[in-house]
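Q: I have a new model on my screen and would like to learn how to read its features one at a time. Could you walk me through it?

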Amino acid sequence: MGTVTGAVPKQARSRVTRRHLLEAAVACLAEHGWAGSTVAVVAERAGVSRGAAQHHFPTRESLFTAAVEYVSEERSTALRELFQTTPAPRPRAAVVEALVDLYTGALFRAALQLWVAASNEEQLRPQVIELEARVGRETHRIAVELLGADESLPGVRETVQGLLDMARGLGLANVLTDDTARRARVVDQWSKLIDAALG
């Protein structure tokens, strides 16, 4: 006979399971680091069997790189949507603050754990390098768009990249201690510098 009325189709359940695994993997990396984040731990947190996890992600490396990529894409979408209703030119201070926020949450902590693991795990390193290159290009593209920057002008590309590098540094400082007060002052100053540099 047909499917039971109200039943969730298998494909939709599979997508939901995959999303739960990806979100759980990022949370585990951020909380427990690479050593404490196994497929079994992620599966338990996601509420699925280890077999279901391995069906979606045959290796630990594929699970964690996919997880960081998934959440990076989600954050990029959220960043774009945050300013979608704000007509250009957007307030640069708000854009700078939003870009810095990308590097101070659980996603950044998870990505940092993945980078550290990749420095020691040969099978993981190429995947993380490729992922970081893609995420870095996309974040730079979004920053240019939101800041209304004209990269054909000398120094603009480097200014935007400097902003992203500074944001990453603030995120790194925030890993060990809550750096909110200092970060707010730095973001304020960088917003002024960006305004002056981009005109």
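Predicted model: local features only at pLDDT ≥ 70, side-chain atom pairs only at ≥ 80, totals over all residues.

Q: Where is Ser-191 placed, and is Ser-191 buried or exposed?
A: Ser-191 sits in helix H9, which runs over residues 180-198. Ser-191 counts as buried because its relative accessibility is 6%, under the 20% cut-off.

Q: Which residues is Ser-191 in contact with, leaving aside its neighbours within four places in sequence?
A: Arg-92, Ala-93 and Val-96 are in contact with Ser-191 once those neighbours are set aside.

Q: Let me step back to the whole chain. What does its secondary structure come to?
A: The protein chain has 9 helices and 0 strands, so the pattern along the sequence reads α-α-α-α-α-α-α-α-α. Its C-alpha atoms fill a box of roughly 65 × 45 × 30 Å along the principal axes. Of its 199 residues, 39% count as buried.

Q: How should I read the contacts and the surface of the chain?
A: For contacts, look at separation in sequence. Among those between residues at least 6 apart, 66% join residues at least 24 apart. For the surface, look at the atoms that make it up: the accessible area is about 11000 Å², and 56% of that belongs to carbon and sulfur atoms.

Q: How do I read aromatic pairs?
A: A pair of aromatic rings is described by the distance of the centres and the angle of the planes. A search of the whole structure finds 3 aromatic pairs. One of them joins Tyr-103 and Phe-108: the ring centres are 5.8 Å apart and the planes meet at 75 degrees, so this pair is edge-to-face. Phe-108 also pairs edge-to-face with Trp-115, at 5.7 Å centre to centre and 80 degrees between the planes.

Q: Are Phe-108 and Trp-115 buried or partly exposed?
A: Phe-108 is buried because its relative accessibility is 4%, whereas Trp-115, at 23%, counts as partly exposed. Tyr-103 is buried, as is Phe-108.

Q: What polar contact does the side chain of His-140 make?
A: The His-140 side chain makes a polar contact with the side chain of Arg-157, at 3.1 Å. His-140 belongs to helix H7 and is buried, with a relative accessible area of 5%. Beyond its neighbours within four places in sequence, His-140 is in contact with Glu-151, Arg-157, Val-160, Gln-161 and Leu-164.

Q: Lastly, where does UniProt place the "DNA-binding region"?
A: The unreviewed UniProt entry places that feature at residues 38-57. In the model, this span is 75% helix and 0% strand, and its end C-alpha atoms lie 12 Å apart.

Terms used
Residues numbered from 1 in each chain as written. Heavy atoms only, no water. UniProt positions renumbered as here; feature names shortened; annotations may be inferred. Helix = DSSP H or I, 4+ residues; strand = E, 2+ residues; numbered from the N terminus. Buried < 20%, exposed > 50% of the residue type's maximum accessible area, 1.4 Å probe, protein only. Contact = heavy atoms within 4.5 Å. Areas by Shrake-Rupley, 256 points an atom, 1.4 Å probe, with all protein chains shown as cover. Phe/Tyr/Trp six-rings, centres within 6.5 Å; stacked < 30°, edge-to-face > 60°. Polar contact = N/O pair within 3.5 Å; in protein donor to acceptor, adjacent residues only side chain to side chain.
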